[in-house]
Structure formats: C-alpha cells, structure tokens
Amino acid sequence: MPERIIVPFGPQHPVLPEPIHIDLVLEDEKVVEAIPSIGYIHRGLEQLVQKREYPEFVYVAERICGICSFIHSLCYCQGIEKIMEIEVPDRARYLRTIWSEYSRLHSHLLWLGLFADSMGFENLFMRSWRLREKVLDVLEDTTGGRVIQGTCKVGGVRRDIGQEKLDEIHRGLESFEEECRDLGHVFLNDTTVKNRLRGLGVLSKAEAYDLGAVGPTARASGVEMDHRETGYAAYGDLGFKPVIETAGDCYARCAVRLREVHASIDLVRRAIEEMPEGPIDVKVRGTPEGEYFSRAEQPRGEVVYYLRGDGTKNLSRARIRTPTLTNIPSLVKMLPGVQLADVPVVVLSIDPCISCTER
Amino acid sequence: MGIFQMTKTVLRNLSGGPATRRYPAVAARKGPITRGHVVFNPATCRSCGICSRRCPSGAINLDKEANFWEIDRMRCIACGECVEGCQFDSLTMEQEYFPPVVDRVVERYPITYVKPEKPAKKPKEEGAGENA
C-alpha cells in the first residue's frame, strides 16, 4: 500500500482568489480523502441587521457577494415584503427578473472564464470575460452600477428602464447569443476540453440529493430542482423549465451553465416583450413584525433568507444560507479518486463563493 | 468547422485591438446614469440633515454648529440615497468615478448658504396697498 501524505490546498490556491482550505489526503498522486475548512473571512453581516434599519440592510445584503449581489437584495426585499404584506407592482417584478437574469449571465460567464483558466486554457478565459463585459455594460447603463446594482428596495425597484433602452437591449441580445453559442462550441466540442472534463468528479443523482446539492451542481446530476420554478418575481408569468444534465461530471456541470446562459437570454427577451406598464414601487409604511423564509435561485443555487422582525425599525434576526455552503459536502464527495492535478478543476466546478458562505 | 471557427476568432482578435484600457491613465467607461461620486453645492444647502440621516454607511456628517458639511469618500458607497433625499438640489451624482487615492479623503465644505433677509414682507404690503 502506498504511503499516504497530506497536501494542504489553500487558503491561497491556484483556483480563484477566495480562501477555502482543503486538506487533501493523497496516495501517490490520487486523492483518497478531502477535509475542507472555512472561516477565513467571516464578517458578521447577519449581526449587522440589528444595527441597520430594515430598508438600509438592502445595501448590506447586496454586498454579501459581489457576483450575485442583485439576487441577494431581491431575496431580502422579497422576505420583508411578505412579512409586511406589500404587493409589488408588476413592472417592478419584471424589472427584477431582467436584472436577476443579467446577474446570472454575468456570473456564469465569469465562471466559464475561471473554469477555462483552471484548465490552463487562458485564451478561452479571456474570451469569456470579454463577453461578460457586454453584460456588465448593460447593467451599468440600466442600474448605474457594474457589479453592485443598488436598484432593489423594499416595495419595488429604484430605477425604471425606458422603452428605448429596453428595445436596444432586445436588439443586442441576438448578436450576444450568437457569440455565446460560439463560446459554448469551444467548451463542449473541443477535444482537449472534453478529454479533460469527461468523467471527472462524478456525483450521482442519489448522492446529489442526499448531500443537499443545489443549483447547477444538482442539476448536472439530474436532480430537477430550480427555485425559479416556484414563480417568484415574474418567473411565474414567464414560465420556466430547468436545465438538466444527467452525467454528473465536470463536463455536465459546464454544459448546464452554458445552456442556462441561453435560458437566461430567452427569459430576458420574453420579459422585455411582456413588460407591463405602470408604477415601479409602492410606498412602504410601518415596520416588519413576523417572520419569513425567503428563497431565490442564484447562479450557484438556492439562497435562503430567514428574517424575523419584532415591530421595530431593526430586524431581530437574519439567517442567510448561501448555495456554496450546501455544495461543499458534494465537493468532498467528488474529490476522492481524482488526480491532484485535477483538483482545481473539480473544486471550481461547484462554483465556490466563499465570501457568500461566510457572510 | 473547428478550423473555420478558430480562424474567425484569430482574425477578430488581430483586428479588434485590446479589450481593456489602461486605467487610471485612461478614464473608466461610464454610462449616462453611472453612479460615480457625489458632488456637494454649499451655496444651496439649508443644513436640514436628511442626507446624513439617509446615508446607509454613515459617510456624510453635518456639523450644524460650525456650519460644515463633510463626506468621507472611503465610506461612501455611491448608492444615491442622499441625492434622492435632498430637497434643495444641493447634491448631484456625477458619472466619473472618484480618482484612486492613497490616503483617506474626508472632504470638508463650509456651507455658504445665506438665509434671505425678511424684507420680502414689506414690499408685499406696499404692493398690496398699491393694488388696493
């Protein structure tokens, strides 16, 4: 039996600039066990809910994660609106959907770039990020912020998108989709990429279900679970079918995200076509009293906000469960059996966001 | 198909030029509503304090006694709450991002707004008398 050695992976590691530490137990070059540990960047943002007034906490919620920032604020506002029984205007729901899907596009393109980089395919990384820049430009022109949008508020949204701009976005989607298709062609059909990803880090459907995997990690293993199906924001009106792959390996996780890029483009297109007229916010009076579990689908999976208000301006408790936290057990399951050189690719395939996880 | 795709990409990359710019030597891209930085006009501020109360990060400080308005640029998150709240148009959001700095910047402005004297009342009475 070969000698076992332990290789510490992280918190500074070649995958992405986020501090996750994994102790890899190796036999020769093969991983036999992975022991993760997190806790390098805990910021205590949940506690801050007692110091910031409930409308102000939207800005804190948005800064939990720099990639899915809009969906964090959306999920928080949704929870407060349910507690206070506020009906959000239709136009606001549609605008929220458009910005959510643009966040997903920018997150998935960022991930595709990082994924290519983890394989050593730098040219593909640059192409993905150049394409992502177009998404960021649309976000900046419609919300005023590239990464932190700051447009969601309790009771609606802070900014409207004019009809001219909506038409412009709609026209731009066609060439953007074409470029995404070209990019996806390299990811899915390139022989080198295929050889590198097929059969790597396999997670079966039963394992994904038992370990509580969420988002593209679960969907790549064939678990049909996408929170957008429950129809929050305008997803109920637009109709939505989750993207499923069944292989459960890194290639399938890449394919799910690529197909989701096209699904998002389609959702944005339909949201623009069916955009209702009307106000974008309602006046909010009073303070929240009660509790609610608010859920939304982030690019990485389902995020859950538990909010409890006691009738004062500050909430008494907030608990935020982010998708990466629930995907780490799946990651620990994927790693045994892979070569040390493939560890960065497998770690990245769950799209880890440690800033989210530690809040 | 693969070769054709690759040639297309290579040609586009060769002719397209760099996708990045040399910030800060070249200014960052900005849109028509980009939230860059907040600009204060001391001539119209009536010291109501709505901006400092609405600021979610506590970046704005209003010293009513000494008549000074301060903004901590390192704390400001450029959310635009103060601009939306200002009743007297003393605050505007500029599209340029605040230039990179190496020291903590707290800008301090003396408020120069002067409350108009009350003579407005007298001429009114005179005017009213003439009309009558």
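Two residues count as in contact here if their C-beta atoms, placed from the backbone, lie within 7 Å. The model is predicted, so local features need pLDDT of at least 70 and side-chain atom pairs count only at pLDDT 80 or more, while totals for chains, interfaces and linings use all residues. Residues are numbered from 1 along each chain as its sequence is written, with chains lettered from A and ligands numbered from 1 in the order in which they are written.

**Figure 1. Where chain B touches chain A.** On the chain B side, ten residues are in contact with twelve residues of chain A. Sorted by class, the chain B side has six nonpolar, three polar and one charged residues. For the bookkeeping, Ala, Val, Leu, Ile, Met, Phe, Trp, Tyr, Cys and Pro are nonpolar, Asp, Glu, Lys and Arg are charged, and the others, Gly among them, are polar.

**Figure 2. Chain A as a whole.** Chain A has 13 helices and eight strands; helices (H or I, at least four residues) and strands (E, at least two) are DSSP runs, numbered from the N terminus. Its radius of gyration is 21 Å, close to the 21 Å from the globule rule for 359 residues, so chain A is as compact as a globular protein of that length. That radius is taken over C-alpha atoms, and the rule is 2.2 Å times the number of residues to the power 0.38. The C-alpha trace of chain A spans about 70 × 45 × 30 Å along its principal axes. Of the 359 residues in chain A, 51% are buried, where buried asks for 20 or more other C-beta atoms within 10 Å of a residue's own, exposed for 12 or fewer, and partly exposed is in between, with C-beta atoms placed from the backbone. Among the chain A contacts with a separation of 6 or more, 70% are between residues 24 or more positions apart.

Figure 3. Strand 7 (residues 301-310) and strand 8 of chain A are joined by six bridges, and Gly309(A) has Leu315(A) in strand 8 as its bridge partner. Axes here are lines fitted to C-alpha atoms, for helices over the stretch in contact, and angles run from 0 to 180 degrees between N-to-C directions.

**Figure 4. Helix 2 against helix 3 in chain A.** Helix 2 and helix 3 (residues 90-119) of chain A pack at about 140°, and their axes are 8 Å apart. Helix 2 brings Phe70(A), Ile71(A) and Leu74(A) to the contact, and helix 3 brings Arg96(A), Trp99(A), Ser100(A) and Ser103(A). That gives four nonpolar, two polar and one charged residues.

**Figure 5. Helix 4 of chain A.** Helix 4 (residues 122-143) has 22 residues and reaches 31 Å from first C-alpha to last, close to the expected 32 Å; the expectation is 1.5 Å times one less than the number of residues. Its buried residues, including Leu124(A), Arg127(A), Leu131(A) and Glu140(A), pack against helix 3 and helix 5 (163-189) of chain A.

Figure 6. Ala233(A) is not a glycine, yet its phi is positive, about 45°. Ala233(A) sits in the loop between helix 8 (215-219) and helix 9 (235-238) of chain A, and is buried, with 25 other C-beta atoms within 10 Å. Over in chain B, Ala78(B) has a positive phi of about 50° and is buried too, with 23 other C-beta atoms within 10 Å. The peptide bond from Tyr23(B) to Pro24(B) is cis, with omega near 5°; Pro24(B) is in the loop between helix 1 (2-16) and strand 1 (37-40) of chain B.

Key. Pairing = 2+ DSSP bridges.
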